[in-house]
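Subject: The two-chain model, with some notes

Hi,

Here is the model I promised to send over. Have a look at it first, and then read on for what turned up when I went through it.

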Amino acid sequence: MIEFRMPSLGADMEYGTLVEWNVKPGQKVKRGDVVAIVETQKGAVEVEIWDDGIVDQLVTEPGTKLPVGGVLAVLRGENEAPLAPYTPAPAQAARRERISPAARKRAAELGLDLERIAPSGADGVISLADVERAAVTAPRAPEDKSAAMRQAIGAAMARSKREIPHYYLGTTIDASAALDWLERSNRERPVAQRVLFAAVLLRAVALSLKDFQELNGFWSEGRFQPAAAVHLGVGIALRGGGLIAPAIRDAGRKSLTEIMTALSDLIQRARSGALRSSELTDATVTVTNLGEQGVDMVYGVIYPPQVSLVGFGRVAARPWAVDGRIEVRRTVHASLSADHRASVGHRGALFLGALERLLQEPEKLA
Amino acid sequence: MNPERARRALLDALSSVAPEADYEHLRADRPLRDQIDLDSFDFLKVIVQLHDVLGIDIPESDYQKLATLEGAVSYLAARAGTGSGA
C-alpha cells in the first residue's frame with residue numbers, strides 16, 4: 001500500500017484544501033500524473049502523484065482542509081489485491097467538517113472558510129442556511145487569503161533568517177551589449193514572440209550556475225545536496241498581493257526562446273492558479289527581478305531549503321567609465337544571497353563574475 | 001485613427017492585464033507604470049493586444065512613447081493614421 005499525502009508545496013505551506021479529484025478508485029496512475037487540485041494559500045495547484053499504481057481508495061473528500069502529510073488517497077500495486085478500508089489517523093479525521101453537499105458547494109461559491117461556519121442544528125452538520133447566514137457576517141476568503149499568504153511567507157522567511165547564515169554580494173553589470181543584441185533579435189520576431197530581458201537574465205544565471213554547483217541544490221539533513229539540473233525558481237508577484245516562486249525546469253538546457261515560453265506560461269498559470277505541485281517544490285535556486293518595480297538593487301532572502309538567490313535591479317541608463325571617459329550605458333545591478341554553510345564568498349564572487357562575462361557575449365545566450 | 005478609439009483600445013488592453021487598477025482616476029499626464037502595477041511581462045501583453053486589435057506593430061524602441069496615457073493615445077492615433085500598421 002502506498003499512502004498519497006498532502007504534499008508540502010514550499011517551506012511556507014501548512015495546510016491545503018482538496019478541491020477535486022481527477023481520478024477514481026480503480027484507476028491506474030503513473031508518476032507525474034495530475035491526480036487532484038488542491039487549494040493552498042498561494043492559489044490552486046495541480047497535484048502530481050509520485051508513484052505508479054492503482055488508486056485503491058480516495059480517503060479525503062473534496063472540500064476537506066488537511067495538514068501537510070495528511071493522507072489524501074491510498075494506492076495499491078498493479079498486482080496487489082484491493083486493500084481493506086483505510087482509516088485515517090484521528091487527528092486528520094477531526095479536521096473534517098460535517099456539512100451537507102449543497103452547503104459545501106454554496107460555501108465554495110461564496111469563498112467561505114468552512115472552519116468559520118457554525119452548525120445551528122442539533123446534529124452538528126453545517127446546513128445551507130448556516131452557510132447563507134455566515135456569508136453575511138463572515139469575512140470573505142480573499143481577505144483571509146492574502147493575510148494567510150503574508151503569514152505563510154513570513155514564516156518561511158523567518159525560518160530562512162533563523163537557520164541560514166546568509167552572505168551577500170553585489171555588482172553592477174554593463175548590460176548594453178546584451179540589450180542591443182536582444183533588441184536586434186526582437187526586431188526579427190513577431191510581436192507575440194518578443195523575448196523579455198528578464199528571460200535573458202534567467203538564461204545567463206542558469207548557464208553560469210553550471211560551474212558553481214555549490215549554489216544550486218538543497219540544504220537538508222544537515223548537509224548540502226547539490227542538484228543535478230538547474231530548476232530555476234522565478235519570483236512572480238501575484239495581482240492582489242502575494243508572491244510565488246515556481247520553477248522553470250531544467251533551465252540550463254533550455255534555449256532563450258524556450259526559457260521565454262516557459263516564463264510566459266509560468267506567469268500566466270501562477271496568476272490564474274494552475275501551477276503544478278512539482279513546479280512549487282523543485283526549484284534548486286531562485287531569481288528575483290524586483291528591478292521591474294523600479295528599485296536599483298535587491299538582496300533577497302533565500303527560500304529554504306535552497307542555498308542561494310540571485311537578484312536583479314532595474315535596467316537603466318547610467319554613467320559608466322570606459323577607457324578613462326564617462327559614457328552613458330544601460331546597466332543592471334546583480335546580487336547573490338548565498339548560504340555560507342554550502343559555499344564561500346570567494347566562489348560566490350566568481351559566480352557573479354562569470355555571470356557578468358556571459359552578459360558581455362550575448363550570442364552565447366541564444 | 002480617431003484618438004477615442006486608440007484610447008479605448010489602450011484602456012481595454014491595460015484593464016485586461018491589470019484589472020484591479022483604478023482607471024477612473026488615471027492621470028493622463030503621469031507615467032502609467034506609476035499608477036498601474038505593470039511589469040515587463042504585463043507591458044508586453046498590452047503591446048501584443050494593441051497589435052491584435054489595432055494592427056499596429058510597436059517596436060521596442062518606441063516603448064517610451066507609451067509611458068503616459070496621453071502620449072500613448074497620440075502615438076497610437078498617429079501610427080494607425082499613417083497606415084503603417086499591418
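Which residues in helix 1 of chain B meet residues in helix 3 of chain B? On the helix 1 side of chain B they are Ala9(B), Leu10(B), Ala13(B), Leu14(B), Ser16(B) and Val17(B). Their partners in helix 3 of chain B are Asp42(B), Lys45(B), Val46(B), Gln49(B), Leu50(B), Val53(B) and Leu54(B). By class, the residues of this contact are nine nonpolar, two polar and two charged. Please keep in mind throughout that this is a predicted model.

Staying with that pair, helix 1 of chain B covers residues 3-17 and helix 3 of chain B covers residues 40-54. Their axes are 9 Å apart, and the packing angle is about 140 degrees. Angles over 145 degrees would count as roughly antiparallel and 65 to 115 as roughly perpendicular, so helix 1 and helix 3 of chain B are oblique to each other. The crossing of helix 1 of chain B past helix 3 of chain B is right-handed.

As for chain B as a whole, it has four helices and zero strands, giving the pattern α-α-α-α along the sequence. The C-alpha trace of chain B spans about 35 × 25 × 20 Å along its principal axes. A compact globule of 86 residues would have a radius of gyration near 12 Å, and chain B agrees because its own value is 12 Å.

Chain B also touches chain A. The contact draws 12 residues from chain B and 13 residues from chain A. On the chain B side, six of the residues are nonpolar, two are polar and four are charged.

Now to chain A, which is divided into domain 1 (2-93) and domain 2 (166-365). The C-alpha centres of domain 1 and domain 2 of chain A lie 34 Å apart. Where these domains touch, the contact takes 12 residues from domain 1 of chain A and 12 residues from domain 2 of chain A. Which element gives the most to the domain 1 side of chain A? That is strand 5 of chain A (residues 43-48), with six residues. The residues on this side of domain 1 of chain A divide into seven nonpolar, two polar and three charged.

Chain A has a helix pair to look at too. Helix 6 (residues 197-208) and helix 7 (residues 256-272) of chain A pack at about 115 degrees, with 9 Å between their axes, and their crossing is right-handed. Ala198(A), Ala199(A), Val200(A), Leu202(A) and Arg203(A) come from helix 6 of chain A, and they meet Leu256(A), Ile259(A), Met260(A) and Leu263(A) of helix 7 of chain A. This contact between helix 6 and helix 7 of chain A has eight nonpolar residues, no polar ones and one charged.

The peptide bond from Pro304(A) to Pro305(A) is cis, with omega near 5 degrees. Pro305(A) sits in the loop between strand 17 (285-288) and strand 18 (308-312) of chain A. The other detail is Asp250(A), a residue other than glycine with a positive phi, near 50 degrees. Asp250(A) is found in the loop between strand 15 (247-248) and helix 7 of chain A.

Happy to go through any of this with you.

Best wishes

Notes
Residues are numbered from 1 along each chain as its sequence is written. Chains are lettered from A and ligands numbered from 1 in the order in which they are written. This is a predicted model: local features need pLDDT of at least 70, side-chain atom pairs count only at pLDDT 80 or more; totals for chains, interfaces and linings use all residues. Domain bounds come from an automatic or database domain assignment. Two residues are in contact if their C-beta atoms, placed from the backbone, lie within 7 Å. Helices (H or I, at least four residues) and strands (E, at least two) are DSSP runs, numbered from the N terminus. Ala, Val, Leu, Ile, Met, Phe, Trp, Tyr, Cys and Pro count as nonpolar, Asp, Glu, Lys and Arg as charged, and the others, Gly among them, as polar. Axes are lines fitted to C-alpha atoms, for helices over the stretch in contact, and angles run from 0 to 180 degrees between N-to-C directions. Angles under 35 degrees count as roughly parallel, over 145 as roughly antiparallel, 65 to 115 as roughly perpendicular and the rest as oblique. A crossing is left-handed if the near helix is turned anticlockwise from the far one by less than a right angle, and right-handed if clockwise. The radius of gyration is taken over C-alpha atoms; the globule rule is 2.2 Å times the number of residues to the power 0.38.
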